[in-house]
Amino acid sequence: MEQLPVPLVQQTIDTIFENFNDDEVMINVCGLTSSYIDQTTPQEIVDFLHQFYKEIRLVKNLRNFAQTGITDPVVKIAVSFADSADLPGKVQNLRQKLDPQLTSLSSGFNTELIGFSHVDKASALKHLMANYRVTPAELVTFGDNENDLKMLQMTPNGYAMKSGYPIVKEVTQHQTRFDNDHDGVLDVIESLL
């Protein structure tokens, strides 16, 4: 997996805080072994993040990432925005300010995932497919948000979750009968077996 160099991580964090107030955003630096958030993060948010990240570490002053001494390879930076009527405008602003080699994709819950523009779920699956000699027709993918689009389009067996965003449903050939909270993926897998 390609890692983001520490200077680029710091530059990205600086860009975020130059363009957004502290109360508008929360940053989560995603490494290979752990997810790193600022120690001032409220406990209810830490508890919520545990649904998505197995290991979370609280860091003193994450804003100065380069000074934290974290050596875990960084693969993504998650930026979560506070609820706002102008969320699309804020996301557009973020995307325009990022280093040209980076991109940001929505992953739900007002969160943008920032990483190299050439690295995504589809590129990871292509790597695995080559290693295991799997063709796109042998692959079944599931997704519900913008960060899933390329992965869903790489196979004729891409399934948008019933609860997925409209754009995801538009680009996929299939849709699950049930949503994420009601075994939508399991239902499709059982029907395919």
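Trainee: Which residue lies over the face of Phe17?

Mentor: Keep in mind that this is a predicted model. A charge counts as sitting over a ring if, for Arg, CZ is within 6 Å of the ring centre and within 35 degrees of the ring normal. Here the distance from the ring centre of Phe17 is 4.1 Å, and the residue is Arg63.

Trainee: How many aromatic pairs does the structure hold?

Mentor: Rings pair if their centres lie within 6.5 Å. On that basis, the number of aromatic pairs in the structure is 5.

Trainee: Take Phe20 and Phe81: is that pair stacked, tilted or edge-to-face?

Mentor: Look at the angle between the planes: over 60 degrees counts as edge-to-face. The ring centres of Phe20 and Phe81 are 5.2 Å apart and the planes are at 80 degrees, so the pair is edge-to-face.

Trainee: How many residues apart are Phe20 and Phe81 in the chain?

Mentor: Phe20 is in the loop between helix H1 (6-19) and strand E1 (25-31), while Phe81 belongs to strand E4 (residues 74-81). The pair links distant parts of the chain, and the separation is 61 residues.

Trainee: And are Phe20 and Phe81 buried or exposed?

Mentor: Buried means under 20% relative accessible area. Phe20 and Phe81 both come out as buried.

Trainee: What angle lies between the planes of Phe52 and Phe109?

Mentor: These two rings sit 5.5 Å apart, centre to centre. Their pair links distant parts of the chain, with Phe52 in the loop between helix H2 (43-49) and strand E3 (56-59) and Phe109 in the loop between strand E5 (102-106) and strand E6 (111-116). The pair is tilted, and the angle between its planes is 55 degrees.

Trainee: Is Phe109 buried or exposed?

Mentor: The cut-off for exposed is over 50%. Phe109 has 55% relative accessibility, so Phe109 counts as exposed.

Trainee: Which residues make the nonpolar surface patch of about 310 Å²?

Mentor: You've met two of them already. Ring pairs link the three residues into a cluster. The patch is made by Phe48, Phe52 and Phe109.

Trainee: Last one: which side chain does the side chain of Ser80 make a polar contact with?

Mentor: Start from Ser80, which lies in strand E4. Ser80 has 18% relative accessibility, so this residue counts as buried. Its side chain makes a polar contact at 2.8 Å, and the partner is the side chain of Thr111.

Definitions and conventions
Residues are numbered from 1 along each chain as its sequence is written. This is a predicted model: local features need pLDDT of at least 70, side-chain atom pairs count only at pLDDT 80 or more; totals for chains, interfaces and linings use all residues. Side-chain values use heavy atoms; hydrogens and water are left out. Rings of Phe, Tyr and Trp (its six-membered ring) pair if their centres lie within 6.5 Å; planes under 30 degrees apart count as stacked, over 60 as edge-to-face and the rest as tilted. Helices (H or I, at least four residues) and strands (E, at least two) are DSSP runs, numbered from the N terminus. Buried means under 20% relative accessible area, exposed over 50%, partly exposed in between (1.4 Å probe, protein chains only). Patches are made of residues with over 30% relative accessible area and no salt bridge: like charges are joined within 9 Å, nonpolar side chains (Val, Leu, Ile, Met, Phe, Trp, Tyr) within 5 Å. Accessible areas come from the Shrake-Rupley method with a 1.4 Å probe; for residues, only the protein chains shown count as cover. A salt bridge is a side-chain nitrogen of Lys or Arg within 4 Å of a carboxyl oxygen of Asp or Glu. A polar contact is a pair of N or O atoms within 3.5 Å; within protein, one must be able to donate a hydrogen and the other to accept it, and residues adjacent in sequence count only if both atoms are side-chain atoms.
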